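User: I would like to learn how to read the features of a protein model, one kind at a time. Could you take me through them, giving the general idea and then the case at hand?

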Amino acid sequence: MTKRFSFDLKATDGKARTGVINTPRGEVRTPAFMPVGTAATVKAMMPESVRATGADILLGNTYHLMLRPTAERIDRLGGLHKFMNWERPILTDSGGFQVMSLAGLRKLTEKGVTFKSHIDGSKHELTPERSIEIQRLLGSDIVMCFDECPALPADRERIAESMRLSMRWAERSREAFGDRPGHALFGIMQGGLEQDLREESAEALRKIGFEGYAVGGLAVGEGQEAMFGCLDYAPDFLPVDKPRYLMGVGKPDDIVGAVARGIDMMDCVLPSRSGRTGQAFTRHGVVNIKNARHADDPRPLDENCSCPACSNYSRAYLHHVFRSNEMISGMLLTWHNLHYFQEIMQGMRDAIAAGTFEAWQAEFHAQRAQGDI
Ligand SMILES: CNc1nc2c(CCNC[C@]34C[C@H]5C[C@H](C[C@H](C5)C3)C4)c3nc(N)[nH]c(=O)c3cc2[nH]1
């Protein structure tokens, strides 16, 4: 890996930005939406189909892969890219968020977290050093610091303590990462909904220095209004010339609002997870395809969509295969949702480059009926 990792800011429109992240495995156009490939697969999708939706990068996960099949085994087999047949960039989360939400019997200390696997109850430990090593073994291009994401609501003292622990862990993550040209380590800002704690966290991360910066600790139940309130100031505390990654977001209007506030990258399980349950996101709103009213509807999900589901199938067919629990149901709706999310991203990249992002946002919101369609 001789080529470097770099971020080229191409244009801004208000606080919105569009650019390109250059990595040895390819370019990532920003603003970027990253489909989630939890256990080395974007569920119900072949990798070439994920690429066909327009994705430049996908997301893997330390927590799941360290338990099964283990990072050492993936390393022995040539790394995650080869293992899952995705040769473009991969970003891996550091595992902390999942331990707090998935694992059993956890113990959190200054050193890290010990926990029992939700798969077989075996005992494991994650520390900044171990998380960075696992992400290196996986071969991911963008590595996340090991952090603690406190569950909200939490009192200010708890938020402050947790943020400061995460900043000490960020220092240890940077130390453990070493010098790896062509790979990037991103710091994660914490601080809940407290502006001064967010600023303190950003200052701590800038002092350490990272190739990119994530806004963590959001999309944990605070609601869109509170999240946007925090995003009205938090990105401005981060370096303007580095990518900003909002973790775990979100619904289409969350994504648009985050980009309008200066965010460059996002990930969310929503399009794939809801695709498997029959929830389709369209430019006119959400379609719950299992609803009986679609049983005789010959129209596609979305007349304006060029994805395979909308090009070749009726709502009636999609309704049928969901009601019959056929495998093709999750495949078609996941493909549609990921295609639609990437279409939103492409629309925003074009609008920001053209200086018409305000008008694009107005059109985006005008098209969306309230509630189900
Ligand atoms: C939803 N809201 C939210 N998510 C968040 C995540 C996980 C991002 N997605 C990665 C992930 C998480 C799960 C589900 C999939 C695959 C794999 C396991 C990796 C995406 C977060 N991750 C870290 N390290 N820190 C956070 O503060 C954080 C806050 C979040 N707020």
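Analyst: Let us begin with two terms: helices (H or I, at least four residues) and strands (E, at least two) are DSSP runs, numbered from the N terminus, and two strands pair if DSSP finds at least two bridges between them. With these terms, Asn-22 stands opposite Glu-27 in β3. The model is a predicted one, in which local features need pLDDT of at least 70 and side-chain atom pairs count only at pLDDT 80 or more, whereas totals for chains, interfaces and linings use all residues. Residues are numbered from 1 along each chain as its sequence is written, and side-chain values use heavy atoms, with hydrogens and water left out.

User: Which strands does β2 pair with, and how many bridges join them?

Analyst: Strands of a sheet pair through backbone hydrogen bonds, either parallel or antiparallel. Here β1 (residues 6-13) runs antiparallel to β2 and is joined to it by seven bridges, with Val-20 of β2 as the bridge partner of Asp-8. On to β3 (residues 26-30), β2 is linked by five bridges, again antiparallel. The hairpin of β1 and β2 has two residues between the strands, and Gly-14 takes a positive phi near 70° in it; β2 and β3 also form a hairpin, with two residues between them.

User: How many residues of β2 are buried?

Analyst: Buried means under 20% relative accessible area, exposed means over 50%, and partly exposed lies in between, computed with a 1.4 Å probe on protein chains only. Eight of the eight residues of β2 (residues 16-23) are buried, so this strand is largely enclosed by the rest of the structure. In a regular strand the side chains alternate between the two faces of the sheet. Both faces of β2 are covered, with Ala-16, Thr-18, Val-20 and Asn-22 buried on one side and Arg-17, Gly-19, Ile-21 and Thr-23 buried on the other.

User: What is the strand order in the open sheet of eight strands?

Analyst: The order is β4-β14-β13-β12-β11-β10-β6-β5, and the pairing is parallel. At the edges stand β4 (32-34) and β5 (58-61), each with a single partner strand, so one side of each is left without a neighbour in the sheet. Neighbouring strands of this sheet are turned by 25° against each other on average, direction ignored; for such values, axes are lines fitted to C-alpha atoms, for helices over the stretch in contact, and angles run from 0 to 180 degrees between N-to-C directions. Within this sheet, four bridges join β11 (residues 184-189) to β12 (residues 212-215), which run parallel; Phe-186 stands opposite Gly-212 in β12, and the bridge partner of Ile-188 there is Ala-214.

User: Which residues of helix α9 are buried, and what do they pack against?

Analyst: An α-helix has 3.6 residues a turn, so residues three or four places apart point the same way. In α9 (residues 224-231), the residues Met-227, Phe-228, Cys-230 and Leu-231 are buried. Seen down the axis of α9, they fall within an arc of 160°, taken from the directions from the helix axis to the C-beta atoms, so they line one face of the helix. These buried residues pack against α8 (195-208), β12, β13 (244-246) and α10 (252-260), where contact means heavy atoms within 4.5 Å.

User: What does Leu-205 contact, leaving aside its neighbours within four places in sequence?

Analyst: Leu-205 lies in helix α8 and, at 0% relative accessibility, counts as buried. Leaving aside those neighbours, Leu-205 is in contact with Met-167, Ala-170, Gly-187, Ile-188, Met-189, Phe-210 and Tyr-213. The C-alpha atoms of Leu-205 and Gly-187, 18 residues apart along the chain, are separated by 6.3 Å.

User: Which residues come nearest to the ligand?

Analyst: A residue is near a molecule or strand if one of its heavy atoms lies within 4 Å of it. Of the 22 residues around the ligand, Asp-93, Asp-147, Gly-217, Leu-218 and Ala-219 come nearest. A nitrogen atom of the ligand is 2.8 Å from an N or O atom in the side chain of Asp-93, and a ligand nitrogen atom is 2.7 Å from an N or O atom in the side chain of Asp-147. For Gln-190, an N or O atom of the side chain is 3.0 Å from an oxygen atom of the ligand.

Terms used. A polar contact is a pair of N or O atoms within 3.5 Å; within protein, one must be able to donate a hydrogen and the other to accept it, and residues adjacent in sequence count only if both atoms are side-chain atoms.
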